[in-house]
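Please read the following points alongside the sequence and the model.

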Amino acid sequence: MSIPRQSPLGSALALAMALFPLAGLAQDAAAPRSVAPLPAELPDSGEPTPPSPVVADEAAGTPGLDADFGIGRPATAEEIAAIDIDATPDGQGLPDGRGSYAEGKALYDERCVACHGENLEGIPETGGPALIGGRDTLAGDKPLKTVESYLAHASTLYDYIHRAMPMDAPGSLTPDQVYAISAYILGRAGILDETAVLDRETLPQVRMPNAEGFTADPRPERL
């Protein structure tokens, strides 16, 4: 069995490539390290440039791991309150206010019909899903997930409308308006009477058709 011979030129090149990183490290160690100065302001913004975290002893740790890089600030109470709007099935988180079926119909015709249709049937061209119908279809070959067929709690409907609707201005509806639109949708679904009024007390009492269609997650919230 013969061993292929390597030419002197190939051996020299291999040795040079192996030593090249070591030469670079030696040069870096010999020369003092410096950091380019940051501009006083971020370009085209007028915002002050955040400071760059510096670790005095680089051997002590990775630069920046324990620093905030000068970015961000603690949220204010007002900013937290603006997003702390989740509503739970037992009514916690629901705000004061009230809304009726009749008020909801007027609001629906103004703010919702363009995406969800006159009869709440949905408009595929706009991406607006059907809101009612499909009851008892989830176990079939053509399941239709709607407020009527899928949601286990009326609070989920309120929470989603409050948080994400209408699509062109999410979060713009007042609690009264969200209660009213919820009452209208639930009334059209045959879940509520058209004379019903929703508020933080009555909404948690609404019994949804699919209330028993979910299984509780047995996993702990924290491990």
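1. Helices H3, H4, H5 and H6 each supply at least two residues of the lining of the largest pocket, and H5 gives the most, with four residues. Helices (H or I, at least four residues) and strands (E, at least two) are DSSP runs numbered from the N terminus. A pocket is an open set of points on a 1 Å grid over the protein atoms alone where a 1.4 Å probe fits, with protein on both sides within 12 Å along at least five of seven lines; lining residues have an atom within 4 Å of a point.

2. This is a predicted model, in which local features need pLDDT of at least 70 and side-chain atom pairs count only at pLDDT 80 or more, while totals for chains, interfaces and linings use all residues. Residues are numbered from 1 along each chain as its sequence is written, and side-chain values use heavy atoms, without hydrogens and water.

3. The lining of the largest pocket comprises 27 residues; His116, Pro129, Leu131, Tyr160 and Met165 lie nearest the centre.

4. In helix H3 (residues 101-111), Tyr101, Gly104, Leu107 and Tyr108 are buried (under 20% relative accessible area, 1.4 Å probe, protein chains only). Seen down the axis of H3, these buried residues fall within an arc of 120 degrees (taken from the directions from the helix axis to the C-beta atoms), so they line one face of the helix. Ala102 and Glu110, on the other side of H3, are exposed (over 50%).

5. Valine 206 is in contact (heavy atoms within 4.5 Å) with Ala154, Leu186, Ile191, Leu192 and Leu198, leaving aside its neighbours within four places in sequence.
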